[in-house]
Amino acid sequence: MVGGLMPPLCSQYQQLKKELEKQFPGKLEISGEGTPQVTGWFEVTIAGKLVHSKMNGDGFVDNGIKLSKIVASIQEALALG
């Protein structure tokens, strides 16, 4: 366990965080929370809106289509201010 996250989830989280920080340098506050009692949670919430949920069938952010959906949501949130 690393920082409260199980290793596979930690790795997925770190990869997504790194990619988003690269695309939006200095514009995002990214945080992760481990759920030791429940495995399988991997959700992305932007401005209070759930835009990606592994538990709801989206899986991990493991391809460009899923990443593009998240990036578009971030761009929309940043444009709204």
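1. A residue is called buried when its relative accessible area is under 20%, exposed when that area is over 50%, and partly exposed in between, with a 1.4 Å probe and protein chains only. By this definition Asn-56 is exposed, because its relative accessible area is 61%.

2. The model is predicted, so that local features need pLDDT of at least 70 and side-chain atom pairs count only at pLDDT 80 or more, while totals for chains, interfaces and linings use all residues. Residues are numbered from 1 along each chain as its sequence is written, and side-chain values use heavy atoms, with hydrogens and water left out.

3. Asn-56 lies in helix H2, residues 54–58, where a helix is a DSSP run (H or I) of at least four residues and a strand a DSSP run (E) of at least two, numbered from the N terminus. Asn-56 and Glu-43 are separated by 13 residues in sequence and, C-alpha to C-alpha, by 9.2 Å in space.

4. Ser-53, which is found in strand E2 (residues 49–53), counts as buried because its relative accessibility is 1%. The side chains of Ser-53 and Glu-43 are joined by a polar contact of 3.1 Å, that is, a pair of N or O atoms within 3.5 Å, of which, within protein, one must be able to donate a hydrogen and the other to accept it, residues adjacent in sequence counting only if both atoms are side-chain atoms.

5. Leaving aside residues up to four places away in sequence, Ser-53 touches Phe-42, Glu-43, Asp-58 and Gly-59, contact meaning heavy atoms within 4.5 Å.
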